[in-house]
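Hi,

Here is the structure I promised to pass on to you. Have a look at it first, and then read on for what turned up in it.

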Amino acid sequence: MTTTRKAPMPQPVNPPARLLMGPGPITADPRVLRALSTPLVGQYDPWMTDTMNATQALYRGVFGTENDATVLVDGTSRAGIEAVLVSLLAPGDRVLVPVFGRFGHLLVEIASRAGAEVHTIETAWGQVFTPSAVERAIVATKPKVLAVVQGDTSTTMNQPLDELGAICARHGVLLYTDATATVGGNPLEVDAWGIDAVSAGLQKCLGGPSGSAPVSLSPRAVDVLAGRRSVEAGIREPGDDVSDDPIRSNYLDLGMILDYWGPRRLNHHTEAASMLYAAHECARILLEEGRDETIARHELAGRAMLTGVQALGLGVFGDVAHKMHNVVAVEIPDDVEGDAVRGSMLDDHGIEIGTSFGPLHGRVWRIGTMGYNARKDTVVTTLAALEHALRRAGHAVPHGGGVDAALDVYAGATP
């Protein structure tokens, strides 16, 4: 008789202690982690539908909008990006993408896969576009949608959006922005700036885990969805119009998702309840602190980190005048190996910082100060560890220079 040898049982999940100071994900707020651990409730339970409604209201506050069509897409921030693009763009529609980093290329990739006719303008990594350059490209290409990343963490640049909505309105163009890396830590005014569609994620300035993508759509954007509306055969009722040019994704069909979140509660998918709780708590914490106050906290932490790395004698990549509040790209000194220093930060101090992509890979470290980690103690701890790792790698740095400079920024901040 043969006996089957039992494989050893894996150990329980027990992650190491880490301070996540890269470009995201970041260390989640303990209050969000508590929300994740609360009991599941059925998706049509009255408590759950009330919580969905409350979450919609919270994200209207986060985005600065009155849009009724403000919902969560169950998936990472990329699911939100794809849901917006595949829902607004039918095959053959024109889209214009200003590319100033890796995530502009991502918008191009997703729009291309949706069958859109994609046009781009590009600028050097570390720069942003002027409104006039964007308008000239709109006039030349006549797109249906202008799709632009607000903050591209690959370069740490923050593209100004405040004039683009009016430009798009003048030319009959819908404005979509990916605000994954910026919302909550940098100014974003969806209604005041005329943004028609916005998507985000929880894992950066909102202080949560990746896995839920808040999305908001203007009435103009919702009208586009209405022209491509679908209702699945199994739940279709008399009078439901079904487009002969439906949105090409079922799961990411924002029209169907709006019906799921709306008064009819048409079945679409099983709500990711734990992620809903996390998203609700992320928004609640932000609005409890105050939107302006949260942005100011990110600006202060980012300025302290920027000043600290400069005081260590390190260069900073890109146009600092257009840098995001919450990430800085630190130029790696020629006399050290970048990955070795990152490894020392992780192994000796338990701190994660990032590298970058494409032309910046191996040239910069990306250090984030966002969400729950946009605090004085995390900034100081990271600068002290970076100083130590650089010295161990043989690079001369001023003793305590980064920490002292950051503390001076905090000391000079208005209470």
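A word on terms before anything else: a residue is called buried when its relative accessible area is under 20%, exposed when that area is over 50%, and partly exposed in between. By that rule, 56% of the 415 residues of the chain are buried. Please keep in mind that this is a predicted model.

**The chain as a whole**

The secondary structure consists of 13 helices and 13 strands. How does the radius of gyration agree with that of a compact globule? For 415 residues such a globule would come out near 22 Å, and the chain has 23 Å, so the two agree. Along the principal axes, the C-alpha atoms fill a box of roughly 75 × 75 × 55 Å. If you take the contacts in the chain with a separation of 6 or more, 71% are between residues 24 or more positions apart.

**Aromatic rings**

There are 4 aromatic pairs in the model. One of them joins Trp47 and Tyr277: the ring centres are 5.8 Å apart and the planes stand at 75 degrees, which makes the pair edge-to-face because the angle is over 60. This pair links distant parts of the chain, as Trp47 belongs to helix α2 (residues 46–63) and Tyr277 to helix α9 (residues 273–289), 230 residues apart.

Phe103 is in helix α4 (residues 102–113), while Phe357 is in the loop between β12 (351–352) and β13 (364–368), so the pair ties together parts that are 254 residues apart in sequence. With 18% relative accessibility, Phe103 counts as buried; Phe357 has 30% and counts as partly exposed.

Phe357 also has a charge over its ring: the charged end of Arg102 sits there, 4.6 Å from the ring centre.

**Cysteines**

How many disulfides are there in the whole structure? The search finds 0. Cys205, for example, is in no disulfide, and the nearest cysteine sulfur, that of Cys282, is 11 Å away. Since a disulfide needs the two sulfur atoms within 2.5 Å, that distance rules the pair out. Cys205 is buried, its relative accessible area being 5%. Cys168 is buried too, at 0% relative accessibility.

Asn67 is in the loop between α2 and β2 (69–74). Its relative accessible area is 6%, so Asn67 counts as buried. Beyond the residues up to four places away in sequence, Asn67 touches Arg60, Val190, Asp191, Ser216, Leu217, Ser218 and Pro219.

Gln159 sits in the loop between β7 (157–158) and α6, and is buried at 2% relative accessible area. Leaving out residues up to four places away, the residues it touches include Phe100, Val128, Phe129 and Val148. Pro131 is 28 residues from Gln159 in sequence, with 9.8 Å between their C-alpha atoms.

His171 comes in the loop between α6 (164–170) and β8 (174–178). With a relative accessible area of 35%, His171 is partly exposed. Apart from neighbours within four places in sequence, His171 is in contact with Glu135, Ile138 and Val139. Pro143 is 28 residues away from His171 along the sequence, and their C-alpha atoms are 9.1 Å apart.

Finally, where is Ala396? You will find Ala396 in the loop between α12 (376–392) and α13 (401–411). Ala396 counts as exposed, because its relative accessibility is 69%. Its C-alpha atom is separated by 50 Å from that of Ala272, which is 124 residues away along the chain.

Best wishes

Note on methods. Residues numbered from 1 in each chain as written. Predicted model: local features only at pLDDT ≥ 70, side-chain atom pairs only at ≥ 80, totals over all residues. Heavy atoms only, no water. Buried < 20%, exposed > 50% of the residue type's maximum accessible area, 1.4 Å probe, protein only. Phe/Tyr/Trp six-rings, centres within 6.5 Å; stacked < 30°, edge-to-face > 60°. Helix = DSSP H or I, 4+ residues; strand = E, 2+ residues; numbered from the N terminus. Lys NZ or Arg CZ within 6 Å of the ring centre and 35° of its normal. Rg over C-alpha atoms; globule rule 2.2 N^0.38 Å. Contact = heavy atoms within 4.5 Å.
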